[in-house]
Structures are given as C-alpha cells and as structure tokens.
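Try each task before you read its solution.

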Amino acid sequence: MEPELLHGVTDGVATVVLHHPAKRNAMTAAMWRALPPLLDALAADPGVRTLVLTGAGGTFCAGADISTLQDSPDEAQTLAVRAEEALAAFPKPTLAAVKGHCVGGGAQLAAACDLRFAEEGALFGVTPAKLGIVYPSSATRRLVALVGPATAKYLLFSGELIDTERALRTGLVDEVLPADELDKRVAEFTRVLTSRSQLTQAAAKEFADGRTDRDAHWAAQARGSGDTAAGVTAFLERREPRFTWTTSG
C-alpha cells in the first residue's frame, strides 16, 4: 500500500493515521501535502468534536522520509511547516497517541497537538542536527513552550532520543501508559473531551496558545450560547449537561 493518511470519525472523534509502515510511518511529500486539506475538512465537520493523530502499527512517525530531502530540502521543510501549522490551528482539541518512535517530523507533529499520550517504551527525538538542517522557527518556539529552553536545546543540539520517563518529566508528553493500554486510555479520554463544552475548549485553546485580542469575542459567545446555563442547571440537577455551542457558531 502506498504511503498515505488514513482517517475516520466515530462518536465525535476523528482519527488520523500516518500510514507508511515500510519506513516507520515516515512522512513523504504527498503525506505532508495531504494533511492541511484533510484537517480543514475535519474541522468543518460538525460531527467532529476532537481529533486523534497516531501512526499505523507499533510506531508513531520516524520523521520525514529522508529520500524526499535530497532534491529540495527547502520545499520539504515548507511542506512540513504548513502541516504543523495546520495541525496547531485545528479549532478543536487534538491529541497525539504515540507508540514506538516519535522522531524528527513526527515529534514536530506531536508537538503541534494540544496533548500527547504515549505508551511506555516510546522514544522521542528532534534530529535536525544529524542532517545539518535548520529546524523551523515555529517548531522551535513550540518545542520551547512545551519543555523549556534547556530541554529544547538538549534535544536540538544533540539529536539524542529520550524515553517516556524523561519526556513526561520535561512536559513533552502528558501521560504515559503501560504497554497495550494506550488505545483504551485515549478512547476513554476522548469520550470525556466530547462530553465537555466546545465553547470552553475553543476559547481555552486560543488563550493558551497566546491569543490576546479575543476576550470580547468569547464573552459575547458565552452570553449568547446558553452553555453556561445548561452547565449550571445540569450540575444542580446532578445530570450530564447538553451543550449546544459549536465551532461553526
């Protein structure tokens, strides 16, 4: 089977699978190109409440397919940055479910997600120093925001791989699960996400990502949404709330 992005939507959860098992799900130029329009389509789907990014089989992504860097490394990096930025801009919660290697461009994609859950034994690395590549400024800033400047420099300067224990300690991942429990935990957590207020999530995502000019917008959305009243009433009645606000307004 050709390298590709697989996807599906079940119970409000969109799952995008990086599928290139012959090369540990390394991203080809075609895969980089395909990701932004796929994300646009999923963002516009009212049935999608959250998104999970993962890799086929027992690994997440070994980075960019190195063969794509030989002819035009600048173009390859541009494609990777566009895909990374599209993922970071996805308006609904995103979660990277990581098994095996999460390296180079794979780490770049995982860092662009809101959250990262990993299976014990996964390995993380940011490896441009092994190839003489200048890591994109957007990806560098995102990595620093996650792990701090010292750990970001360690990863970027050395290209060394780190295990899940260190990734958790430094903030690169949010949860580490025992072998064979990652999928169950991701399903459990995404059920939680899909039950919560999209209004709260959308505003929180913008604010957490540094947006500072939308306070009035979100205050107006909250006043007109009915979500607050629905949440408070459900709490007092000891039942699950029925939130109605969506990212489409």
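**Exercise 1: a strand and its partners**

In this predicted model, find out what stands opposite Ala 118 in S6, and which strand holds Val 176.

*Solution.* 
- Step 1: Start on one side, with strand S4 (residues 94-98), which runs parallel to S6 and is joined to S6 by four bridges. Here Val 98 is the residue opposite Ala 118.
- Step 2: Now take strand S9 (residues 175-177), which pairs with S6 through three bridges, again in the parallel sense. Val 176 in S9 stands opposite Ala 118.
- Step 3: Check how S6 sits. Buried means under 20% relative accessible area. Four of the five residues of S6 (residues 115-119) are buried, so this strand is largely enclosed by the rest of the structure.

**Exercise 2: a hidden space**

Work out how many cavities of 30 Å³ or more the structure holds, and which helices each supply at least two residues of the lining of the largest cavity.

*Solution.* 
- Step 1: Count the cavities: there is one of 30 Å³ or more. The largest cavity has about 60 Å³ of space.
- Step 2: List the lining: Glu 84, Ala 107, Gln 108, Ala 111, Val 126, Tyr 135, Ala 139, Arg 142, Leu 143 and Leu 172.
- Step 3: Helix H3 (105-112) and helix H4 (137-158) each give at least two residues.
- Step 4: Sort the lining by class: seven residues are nonpolar, one is polar and two are charged.

Methods. Residues numbered from 1 in each chain as written. Predicted model: local features only at pLDDT ≥ 70, side-chain atom pairs only at ≥ 80, totals over all residues. Heavy atoms only, no water. Buried < 20%, exposed > 50% of the residue type's maximum accessible area, 1.4 Å probe, protein only. Pairing = 2+ DSSP bridges. 1 Å grid on protein atoms, 1.4 Å probe; cavity = no way out; pocket = protein on both sides within 12 Å on 5 of 7 lines; lining within 4 Å. Points joined across faces, edges and corners; volume = space filled by probe spheres on them. Nonpolar A, V, L, I, M, F, W, Y, C, P; charged D, E, K, R; others polar.
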